[in-house]
Amino acid sequence: MAVPLSARGGSPTSYMERAKTEFGTWPVLAMAEASDAVVFNVGDIEILRLIGRDTAHLHLTRPVLERLHEALAVSAHVHLATQEQDGWITLRLDTRADFDLLVALVSLAIKANIDPA
């Protein structure tokens, strides 16, 4: 069972702070502060938006979502976007497993948005 960071004691660092730190070191990603979020771009394409204390919006592209739909749909922390938000998912970061999933999905998002074959 995944344990929320707050239940572990020790470091007060949230998974959102860890995500900002982690993705801030990836050379292919450019980080920018928006009024309500921290945004990460690949070139001029926004792929990740970290909002509040526990919400990540991630642009995986429609083809990637079609391939991963069944696996993502069973996660209680993943919300698949509506047609108007084509290619986006929302992921709640409450546990280490959520953070690890985000890291893996950001890698996919980078590839999908650079080489949309």
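**Note on the predicted fold: sheet, helices and core**

1. Helix 4 lies across strand 2, strand 3, strand 4, strand 5 and strand 6, and its direction makes about 160° with that of strand 3.

2. The overall layout is as follows. Four helices and six strands make up the secondary structure of the chain. Read from the N terminus, the elements follow the order α-α-β-β-β-β-α-β-β-α. The chain has 117 residues, 34% of them buried. Its accessible surface is about 6700 Å², and carbon and sulfur atoms account for 56% of that area. Among contacts with a separation of 6 or more, 50% join residues 24 or more positions apart.

3. The six strands form an open sheet in the order 1-2-3-4-6-5, and the pairing is antiparallel. Strand 1 and strand 5 (78-80) are at the edges with a single partner strand each, so one side of each has no neighbour in the sheet. From one strand to the next, the twist averages 20°. As background, the strands of a sheet pair through backbone hydrogen bonds, in either a parallel or an antiparallel arrangement.

4. Strand 1 covers residues 30-33 and pairs with strand 2 in the antiparallel sense over four bridges. The two strands form a hairpin, with three residues between them. Within this pairing, Met31 has Phe40 of strand 2 as its bridge partner.

5. Leu48 has Leu58 of strand 4 as its bridge partner. Both leucines are also contacts of Leu102, as point 8 sets out.

6. Strand 4 pairs with strand 6 as well, in the antiparallel sense and over five bridges. Here His57 is opposite Thr90 of strand 6. Helix 3 packs on the sheet, where it touches strand 5 and strand 6, and its direction is at about 135° to that of strand 5.

7. What is the largest nonpolar core built from? It has 29 residues, of which Leu48, Leu102 and Val106 touch the most other members. Two or more residues come from each of helix 2 (15-24), strand 2 (37-42), strand 3 (45-51), strand 4 (55-59), helix 3 (62-73), strand 6 (88-92) and helix 4 (96-114). Helix 4 makes the largest contribution to this core, giving seven residues.

8. Leu102 deserves a separate entry. Leaving out residues up to four places away in sequence, Leu102 touches Ala19, Phe23, Leu48, Leu50, Ala56, Leu58, Leu91 and Leu93. One of these, Leu48, is listed with Leu102 and Val106 among the core residues that touch the most other members. Another, Phe23, takes part in the ring pairing described next.

9. How many aromatic pairs does a search of the whole structure find? The search returns three. In one of them, the ring centres of Phe23 and Trp26 are 5.0 Å apart and the planes are at 85°; angles over 60 degrees count as edge-to-face, so this pair belongs to that class. Phe23 and Trp26 are both buried.

10. The loop between strand 4 and helix 3 contains Thr61. Its phi is near 85°, a positive value in a residue other than glycine. For reference, most residues other than glycine have a negative phi. Is Thr61 buried or exposed? Its relative accessibility is 11%, and the cut-off for buried is under 20%, so Thr61 counts as buried.

11. Arg62 lies in helix 3. Its relative accessibility of 36% places Arg62 in the partly exposed class. Arg62 and Gly87 are 25 residues apart along the chain, yet their C-alpha atoms are separated by 4.4 Å.

Notes. Residues numbered from 1 in each chain as written. Predicted model: local features only at pLDDT ≥ 70, side-chain atom pairs only at ≥ 80, totals over all residues. Heavy atoms only, no water. Phe/Tyr/Trp six-rings, centres within 6.5 Å; stacked < 30°, edge-to-face > 60°. Buried < 20%, exposed > 50% of the residue type's maximum accessible area, 1.4 Å probe, protein only. Contact = heavy atoms within 4.5 Å. Areas by Shrake-Rupley, 256 points an atom, 1.4 Å probe, with all protein chains shown as cover. Core = buried A, V, L, I, M, F, W, Y, C linked by side-chain atoms within 4.5 Å. Pairing = 2+ DSSP bridges. Axes fitted to C-alpha atoms, helices over the stretch in contact; angles between N-to-C directions.
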